[in-house]
Amino acid sequence: MKELSHEAIAYSDICQQLTDEMIQDLDGQQNDRQKEIKNLRRRVYDALNVMISIGIVVKENKLMRKNAETQVNLTKQNLIIRKQKLKEQLQIKKASATTQIKQQESLKKLVELNKMRDVDENEKIRFPFILVKTQLNNIDEDELVLEQNKQMDYLKVFSKNQLDLQLDLSVVQKLFQNEHMIL
C-alpha cells in the first residue's frame, strides 16, 4: 500500500486498499477471509484514530489526509510539554505521599512511646492540636492573645507579629525526624 499523502482520502478507501492486498495473500475458505477482512478494518480504524489523536493524520469531514510536517512538529512539542507537566505533577504527588507516610510513621512512633511510658492521663498529648509560634520581644506592643469560646468551640489567636502555625502531624514528624529522639 502506498503511503498516506497530503491529499484527502476516505477511510473506506484506505480499508479497501488494505483488504485488496490482504485478499491476494490469503489462502483458505471464504468465512476465514471475511473474518480477517472485518478484523483488518477494525485495526485500521483503531490505528487511524491513534494517528489523528497525535496529529499525524488530519480528519476533515469523512476524509483523512497526512498532516503537514510543521503541524506534526508542533504536536510533538505539545506532547513533550505535556509529558514534562505530567512528570512534574507526579513528583509533587510523590513528595506529598512521602510526607504523609513520614507523618503516619511518626504518629505510630508516638503512640508506641506513649504506651511504653507510664504517664498520667492529663500528660498525654491530645489530637488534633495546633502549635502557634511567633517572635515576642518583651515590648509592650508585642503580645500574643488567645481567646477561647467553649460554646462556639473555637480559638482566636491575635498578634501584631507574624504567626507560624504548625499542625499536629507536622509537629510529631519533626519530633521523630531524628531516630534517636527520646522524649
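Buried residues account for 16% of the 183 residues in this protein chain, where buried means under 20% relative accessible area, exposed over 50%, and partly exposed in between, using a 1.4 Å probe and protein chains only. What you're looking at is a predicted model: local features need pLDDT of at least 70, side-chain atom pairs count only at pLDDT 80 or more, and totals for chains, interfaces and linings use all residues. Residues are numbered from 1 along each chain as its sequence is written, and side-chain values use heavy atoms, with hydrogens and water left out.

Now the overall layout. The protein chain has four helices and seven strands, and from the N terminus on they run β-α-α-β-β-α-β-β-β-β-α. Helices (H or I, at least four residues) and strands (E, at least two) are DSSP runs, numbered from the N terminus. The chain exposes about 15,200 Å², with carbon and sulfur atoms supplying 52% of that; the areas come from the Shrake-Rupley method with a 1.4 Å probe.

Three strands make an open sheet in the order S1-S3-S2, with antiparallel pairing; strands pair if DSSP finds at least two bridges between them. S1 and S2 are the edge strands, each pairing on one side only. S2 and S3 are joined by four bridges, and Val 58 sits opposite Arg 65 in S3.

| Element | Residues |
|---|---|
| Strand S1 | 9-10 |
| Strand S2 | 57-60 |
| Strand S3 | 63-66 |

The largest nonpolar core has nine residues, among them Ile 9, Leu 40, Val 57 and Met 64. A core here is a set of buried Ala, Val, Leu, Ile, Met, Phe, Trp, Tyr and Cys residues joined through side-chain atoms within 4.5 Å. Helix H1 (11-25) and helix H2 (30-54) are the elements giving two or more residues to this core. Setting aside neighbours within four places in sequence, Leu 40 is in contact (heavy atoms within 4.5 Å) with Leu 18, Thr 19 and Met 22.

Further along, UniProt (unreviewed entry) places a "coiled-coil region" at residues 76-107. In the model that stretch is 100% helix and 0% strand, with its end C-alpha atoms 46 Å apart.

Finally, take a look at Gln 166 in strand S7 (residues 163-167). Gln 166 counts as buried because its relative accessibility is 12%. Leaving aside neighbours within four places in sequence, Gln 166 is in contact with Phe 129, Ile 130, Leu 131, Val 171 and Lys 174.

Technical notes: UniProt positions are given in the numbering used here, feature names are shortened, and annotations may be inferred rather than shown by experiment.
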